[in-house]
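Visitor: Could you walk me through this structure, one question at a time, and say how each term is defined as we go?

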Amino acid sequence: PEGGGLNRFDGQNWTLLPGFESAYENPDAFSNQVTALLVAPDGVLWVGTENGLGRYDGAAWARFTTTEGLPDNRITALTLDRDNTLWVGTGYGAARQEGDRFVPISQLAETNIFDLLQDTAGRMWFSGGGRAPPLRPG
């Protein structure tokens with residue numbers, strides 16, 4: 001079915017989040033299968049789906065895909081590092097946000113990423129594909 005996939009609960013009722021254009025299968029829309037959520041300190045909502053990454057600033061949605069540098073459109077994990085840089089895990093690698101683009105992490109090419117985090121020493125850790133190598137940002 002068209003739509004759905006992202007609902008919010010106000011304490012009593014569930015409602016669809018306005019403007020989240022999604023479908024079960026449509027290459028030009030978000031998937032209604034939401035796979036990851038992250039709220040940034042500035043209030044921006046990041047939404048990972050089976051078909052792209054969404055950014056909601058409270059007024060409008062932006063959709064990011066392989067066209068903007070993501071290794072894959074299937075988003076599996078999201079995190080912010082201590083500098084508030086967005087890191088994205090996908091079904092085919094990981095990437096770091098730089099402006100309106102994403103820079104793939106070459107050491108993780110073709111790796112299905114399950115989760116990612118930054119430790120207290122500043123290293124980024126990635127789980128998935130049978131390995132979890134640490135990387136230092138920069």
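**Turns, sheet and cores**

Guide: Asn84 lies in the loop between S9 and S10, where strands (E, at least two residues) and helices (H or I, at least four) are DSSP runs numbered from the N terminus. This is a predicted model, in which local features need pLDDT of at least 70 and side-chain atom pairs count only at pLDDT 80 or more, while totals for chains, interfaces and linings use all residues. Residues are numbered from 1 along each chain as its sequence is written, and side-chain values use heavy atoms, with hydrogens and water left out.

Visitor: What is the phi of Asn84, and is Asn84 buried or exposed, or partly exposed?

Guide: S9 and S10 form a hairpin with five residues between them, and Asn84 belongs to the turn. Its accessibility class follows from the cut-offs, since buried means under 20% relative accessible area, exposed over 50% and partly exposed in between, with a 1.4 Å probe and protein chains only. At 47% relative accessibility, Asn84 therefore counts as partly exposed. Asn84 is not a glycine, yet its phi is positive, near 65 degrees.

Visitor: Where is Glu110 found, and what is its relative accessible area?

Guide: Glu110 also has a positive phi, of about 65 degrees, although it is not a glycine. Its place is the loop between strand S12 (101-104) and strand S13 (115-118). Glu110 is classed as exposed because its relative accessible area is 58%.

Visitor: Which residue in S8 is the bridge partner of Leu53?

Guide: Strand S7 (residues 52-56) runs antiparallel to S8 and is joined to S8 by four bridges. The hairpin of S7 and S8 has four residues between the strands, and in that hairpin Gly58 takes a positive phi near 100 degrees. The bridge partner of Leu53 in S8 is Phe64.

Visitor: Why is S10 largely enclosed by the rest of the structure?

Guide: Leu86, Val88 and Thr90 point one way from S10, while Trp87 and Gly89 point the other way, and all are buried. S10 pairs in the antiparallel sense with S9 over five bridges, and with S11 over four bridges. S10 is largely enclosed because the number of its five residues that are buried is five.

Visitor: Which residue in S11 stands opposite Thr90?

Guide: S10 and S11 form a hairpin with two residues between them. Across that pairing, the residue opposite Thr90 is Gly93.

Visitor: Which residues of the largest nonpolar core touch the most other members?

Guide: A nonpolar core is a set of buried Ala, Val, Leu, Ile, Met, Phe, Trp, Tyr and Cys residues joined through side-chain atoms within 4.5 Å, and the largest has 14 residues. S5, strand S9 (75-80) and strand S10 (86-90) each supply at least two residues of this core. A second, separate core of nine residues includes Leu108, Ile113, Leu116 and Met124. In the largest core, the residues asked for are Trp46, Leu53, Leu70, Leu78, Leu86, Val88 and Phe102.

Visitor: What is the relative accessible area of Leu38?

Guide: Leu38 is placed in strand S5. Leaving aside neighbours within four places in sequence, its contacts (heavy atoms within 4.5 Å) include Trp46, Leu78 and Leu86. Leu38 counts as buried because its relative accessible area is 16%.

Visitor: Which side chain does a polar contact of 2.9 Å join to that of Arg96?

Guide: Arg96, in strand S11 (residues 93-98), counts as buried because its relative accessibility is 19%. A polar contact is a pair of N or O atoms within 3.5 Å; within protein, one must be able to donate a hydrogen and the other to accept it, and residues adjacent in sequence count only if both atoms are side-chain atoms. The side chain joined to that of Arg96 at 2.9 Å belongs to Glu98.

How values were computed
Two strands pair if DSSP finds at least two bridges between them.
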